[in-house]
Amino acid sequence: MGELNKKRAGKVSALLARLSRVFPQRALRRRERSLSRAQRTAHIGSWEWDVRTGRVFWSEECYRLLGLPPRDGSETLDTFFLYVHPRDRDAVRRAVLMAIEKNEHVSFDFSMLRADGEERIIHEEGEVQRDSRGRPISLIGTVQDVTEQRRAEKERAELVAALTAERRWLAAVVEGSPVGILLCEGTETPRIRCNQRAVELFGVPVGEEGGLELLRDRIFAPDGTRMAQGDLALERALRGETILGRERLIRRPDGKEIPVLVNASPIQNGEGLILGAVFIVHDIGPLKDLERQREEWTALVAHDLRQPLSAIIVSLEALARRMEPASARNRAVRAVTSARRLDRMIDDLLEVSRLEAHRLELALSPTDLVALVQASVDPFAHEGDHQKVIVTAKDDVPRVQADAHGIQRVVENLLSNARKYGMPGAVVEVTVERVDAEVRVGIRNRGPGIPPEDLPVIFERFERGRAQGGKVRGQGLGLYIAKALVQAHGGRIWVDSVPGETTTFWFTLPIDAGAP
């Protein structure tokens, strides 16, 4: 029995000894596989350089980073340097030697050329292992492909540098701008920053907080009345509107009043969310002074011209009545016509001056537009070639609220234009009719028409038609004045032209419900 137990004990001991050798090896292999998978996932390889033998041991991921198939055994340091970019080889050697000599942790980036020629950026970390006497045994460490990370960092640094430069440019432009600029951040409790010009215009700095209240106390309508709550251009911009070219009045703390032109627009992100607004204030005081001086000068010149011109017209009319024979009387009549044309030119210059100075005042009253048009047509029967003008009106044309003198001026300017550019002897047709909530007047002539390229600018000042070889006299102000007067009444004006056939100028006036 004792011998049997001894044999059994021996077998158990042998089995345990065998298991003790197998299982640690299996566990080690499992750990190695896990480490290999972790390195492959993180793109980090490990290595060890035996200083005494010069051999280098690479993990599988080191081979993959180099674009090589993994293999067993060791490599030499020279093999490693074959894949280091030539421009970085000396720096890598110095870093390795410095780590061994000074026992320092080594950490640096270098460029590597893979087996397929692709250049990658590698980050290396390493530490020196020493024996009990302090002599270096090995240098162990890791390598990681950081190409994408470094490229992203470079792009981010470039973007930051570009953004910083743009901000400096913007700050220089804003501070050096001759107009007041206010930048508003946020919408609920906006913070406002302003440039130096804005401080000069408002008389005080518009602070970061509470600046909106200060603007409400300083900005008024052109006539000096207080703006309604929420009607400031900046407030409207914070609600998403874009405000352009609104005239306003600034009252400074010292009592000075400054006429300004304001613009405001919202600032939005890519999703359309309003982040704030920009508010621009332009001092138009000097322009107002120039307008006033020009208007005064124009009025003075017109007055000085009109007095002798009136005397000339009276004298010519008297001569025309008495002169014989008929040929001499006809010459006097033509002289009277020319003098009256000159008188209308003076009126045009005065009208343009008032329009551009925004001093046009309308005396509105219930007006019979058919009778007004007929009265405007009658004088043309006594001028020039006696070109026939036919007026056609519908019975249901109601009265409109209008400035009779201004609308008569519109009709006369359009009639004059039709006669100058129409075919000699052709009839000029005038129609007056009701169209929905408007009264529409049309003046049509037959002739060469208006070239299509001229239509977009036909109502601009000093623009004249190029028909008839440019022989038509005039300053190019009639249509400009007609447009301004019609728009001042709340109406519309436009032109339809078929080259070589007819040209029709149309304008409308709104029907006032209270007019009889």
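View 1. Glu61 counts as buried because its relative accessibility is 4% (buried means under 20% relative accessible area, exposed over 50%, partly exposed in between, with a 1.4 Å probe and protein chains only). Helices (H or I, at least four residues) and strands (E, at least two) are DSSP runs, numbered from the N terminus. Please note that this is a predicted model, in which local features need pLDDT of at least 70 and side-chain atom pairs count only at pLDDT 80 or more, while totals for chains, interfaces and linings use all residues. Residues are numbered from 1 along each chain as its sequence is written, and side-chain values use heavy atoms, with hydrogens and water left out.

View 2. Glu247 belongs to strand β10 (residues 243-251) and Lys288 to helix α9 (residues 285-322), 41 residues apart. Glu247 is partly exposed at 24% relative accessibility, and Lys288 is partly exposed with a relative accessible area of 24%.

**View 3. The five-stranded open sheet.** The strand order is β14-β16-β17-β19-β18, with mixed pairing (two strands pair if DSSP finds at least two bridges between them). β14 (389-393) and β18 (492-497) stand at the edges with a single partner strand each, so one side of each has no neighbour in the sheet. From one strand to the next, the twist averages 15 degrees (axes are lines fitted to C-alpha atoms, for helices over the stretch in contact, and angles run from 0 to 180 degrees between N-to-C directions). Strands β17 (residues 438-446) and β19 (residues 502-510) run antiparallel, joined by nine bridges.

**View 4. Helices against the sheet.** Helix α12 packs on the sheet and touches β14, β16 (428-435), β17 and β19, its direction making about 175 degrees with that of β19 (contact means heavy atoms within 4.5 Å). Among the buried residues of α12 are Ile407, Val411, Leu414 and Tyr421. Helix α13 (residues 478-488) lies across β18 and β19, running at about 135 degrees to β18.
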